[in-house]
Amino acid sequence: MSHPILVVGAFDYPYINNHWLEPLSITSNGNLISVDVNVLLSILSTEDVEKYLKKIIEEFEVRYVFFYHDLIFADLSDSFFSEIKEITKVITFYADDEPPVWFQRNVRFDHHYSYIATHSITAIEKRKKQFPERECYYLPWGFNPRIIKYHISEEKHQYNYDVIFIGRNKDSLGSGLYREDGAIRDQLLQAIADAAKHHGWRFAIFGFGWENHPTLAPWYVRQLSDDEYQKVLASSRIVFNPGYAWDGTSLKPQVKLRHFEVAANGYAMQLTNENTELGNIFEENKEIVFYDKAADLVEKIRYWLDKPQECAQCANLAKTNAFKRHTIDSRLRDLMNSCKVSIPVYNNVSKIEKIAFDENIALLKERLEASTAEYVYICPKGTDVHIPNVPVSHAVVDKPKIVDCELFSYGYSKLRDPVQPRREEIYACHVSKGEFVGNVTPGLMTIIGGELSQSLKMPLHTSLIHRDTLLECICDIDNLYALNIKLASLGHRSSLNTMLIMRFDSWLCSELGVNTVSPLYWLLDRVSERCKYEKKKLIVYGVRGDLAESAISYLKTSKGIDSLILVDNALKGSSLPIGDIYGHDDISSTKDMIVLICAAISGPAIMAQCASLDQSVKLLPLYDPFFPAWSLFT
């Protein structure tokens, strides 16, 4: 069997799963093992995750690791990468890499990798000049052709919108403290909205955080699922799709994944800011249209809406170009060739059939009899399970009756932004040898109850079972308890040396969990209760980023909080609608308060800085729900 590729990333993010993990599985002919460290780190320690990854590398003789850098770039240690690079080659892709801001963030981690791929030409040039010894490759964005599946016949197709924008509000708190290109987005969207009102254009905004925008909310429609995304693109004549990167002093053009997704859809013409690199990929005014400033943007929209046939032709030509030259599959094949990764010609891994089980043994028997698979996994009702096919192939070589597995189960209740879920919103637990081990997300067992939690420990759901063996077991059994006793007593067993990953969102959103909030909000509720009970003031330390934004917006509506004291050293002297922002020196003499640290990346440094505060101050790192101090609140 060929050496598998280990693929590491935050694959619970839809765009990373769809545009990287799934294409890597295709281009490697299924010869990979994937690990979603973002999910694992919701309850496992960094040390435990690193041990797990090293175990996989050793057990399956991994020679190449593909590490998708985005979101998890600072999660694993220098020593981990140093150790695995002694026996493997580590490949990465930088999703944002423009100098100087993104480049300076990423270059600190370059030493983790054997090969660096980046979509930024300027970053490539800068690395070659500053670090000529580093192996870097230019890898433009590409789209996944298997998710561009929306097609409608010409006679049935209709345009419901003239102009749309899809993207998040980068100031959803209404603070005026925009992140990245948020300010120019607002200005340009406002220019379109004003022109749409004047000309009667059908303008719509989709994405997170716009419903409460002071002036653009009337144009907001909703957030989009993946399927809706393709349909909405197909129902619009023009997509306003800007791409900017902050270089420390001003905004520069940036090529983004969405430029290729929009082009591949083929129905909506793409209108974006002037971008020389993108102009070398799509031909200007034939496959894509560029604008300069707000006035030019509005004029370009007016011009092309007056030429609907040319507008549609431009979109169609962009699609032809995208499918011919810019799929992620072709990009990845080029990268693997450059890095000398050997890919097997055929898929030679074992496949396991997943069979849904609703506790009806007679129906389970019918499904087993209809199956042609050698081994099966029985999914608890309302779950989806990722089966690691390469490790399974190793585990079933000797044809055991049953393969014992560890089960890592996770889910989301009500996501604030489904397009960009947060680690702090994950409920998770880990089952090994039929027992819960390690941390369990606070509040989980209360939500799912004893019956559902017990099902996570059953041999029926923590094993891969030979189909014939399972049929023999259920032939004279009519209840679930007896079936699990029989499965537990079977001989000729083997073990799977990776975890099964189960997603159980439906359990958290069922009748039992109808009022479930995310773990983040569950913790904030506990803080609010304590502040109300003890009449304490609450300091929110760190007000930038998604974690802080989520916490502040939720705490604003909390009945237990009279006021928030906001602290952020970089923003000292600024203000939000709910209050002024102070620096660390302003709270140095604070006593008998609760300090909620909401900075995900710089949190540990802030914790160290706050260690000198008075002992009566309670420090709570929101980025770490298992920090010992939380036990007093949960």
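Q: What does contact mean when a residue of this predicted model is said to touch another?
A: Contact means that heavy atoms lie within 4.5 Å, and the model to which this is applied here is a predicted one. Leaving aside neighbours within four places in sequence, glutamate 61 is in contact with His3 and Ile56.

Q: Where does glutamate 61 lie, and how far apart are the C-alpha atoms of glutamate 61 and histidine 3?
A: Glutamate 61 is found in the loop between helix 3 (46–59) and strand 3 (64–68). Although glutamate 61 and histidine 3 are 58 residues apart along the chain, a separation of 6.1 Å is computed for their C-alpha atoms. Glutamate 61 counts as partly exposed because its relative accessibility is 43%, a value that falls between the cut-offs of 20% and 50%.

Q: How many disulfides does the structure hold?
A: The structure holds zero disulfides. Cysteine 339, for instance, is in no disulfide, and the nearest cysteine sulfur, which belongs to cysteine 136, is 11 Å away, whereas a disulfide needs two sulfur atoms within 2.5 Å. Cysteine 531 is likewise in no disulfide, with the nearest cysteine sulfur, that of cysteine 598, 12 Å away.

Q: Does cysteine 339 count as buried or exposed, and why?
A: Cysteine 339 has 0% relative accessibility and therefore counts as buried. Cysteine 531, at 2% relative accessibility, counts as buried too.

Q: How are two packed helices described, and at what angle do helix 7 and helix 11 pack?
A: In general, two packed helices are described by the angle between their axes and the distance between the axes. Here helix 7 (residues 182–199) and helix 11 (residues 294–305) pack at an angle of about 45°, their axes being 9 Å apart. That angle makes helix 7 oblique to helix 11, and helix 7 passes helix 11 in a right-handed crossing. On the side of helix 7 the contact is made by Leu188, Ala191, Ile192 and Ala195, while helix 11 contributes Ala294, Leu297, Val298 and Ile301.

Q: How do strands of a sheet pair, and with which strands does strand 18 pair in the antiparallel sense?
A: As a general idea, strands of a sheet pair through backbone hydrogen bonds, either parallel or antiparallel. In this model strand 18 (residues 426–432) pairs with strand 17 (residues 402–412) in the antiparallel sense over six bridges, and glycine 411 has tyrosine 427 of strand 18 as its bridge partner. Strand 18 also pairs with strand 19 (residues 435–436), again in the antiparallel sense, over two bridges, with serine 432 and glutamate 435 as bridge partners. The hairpin of strand 18 and strand 19 has two residues between the strands, and lysine 433 there takes a positive phi near 55°.

Q: Which residues lie on each side of strand 18?
A: Ile426, Ala428, His430 and Ser432 are on one side, with Tyr427, Cys429 and Val431 on the other, and these are all buried, so both faces are covered.

Q: What is the order of the open sheet of six strands, and which strands stand at the edges?
A: The order of this open sheet is 24-25-23-22-26-27, and its pairing is mixed. Strand 24 (575–576) and strand 27 (618–621) stand at the edges, each with a single partner strand, so that one side of each is left without a neighbour in the sheet. Helix 20 (residues 519–534) packs on the sheet, where it touches strand 22 (538–541), strand 26 (594–597) and strand 27, and its direction makes about 165° with that of strand 26.

Notes
Residues numbered from 1 in each chain as written. Predicted model: local features only at pLDDT ≥ 70, side-chain atom pairs only at ≥ 80, totals over all residues. Heavy atoms only, no water. Buried < 20%, exposed > 50% of the residue type's maximum accessible area, 1.4 Å probe, protein only. Pairing = 2+ DSSP bridges. Helix = DSSP H or I, 4+ residues; strand = E, 2+ residues; numbered from the N terminus. Axes fitted to C-alpha atoms, helices over the stretch in contact; angles between N-to-C directions. Parallel < 35°, antiparallel > 145°, perpendicular 65-115°, else oblique. Left-handed = near helix turned anticlockwise from the far one by under 90°.
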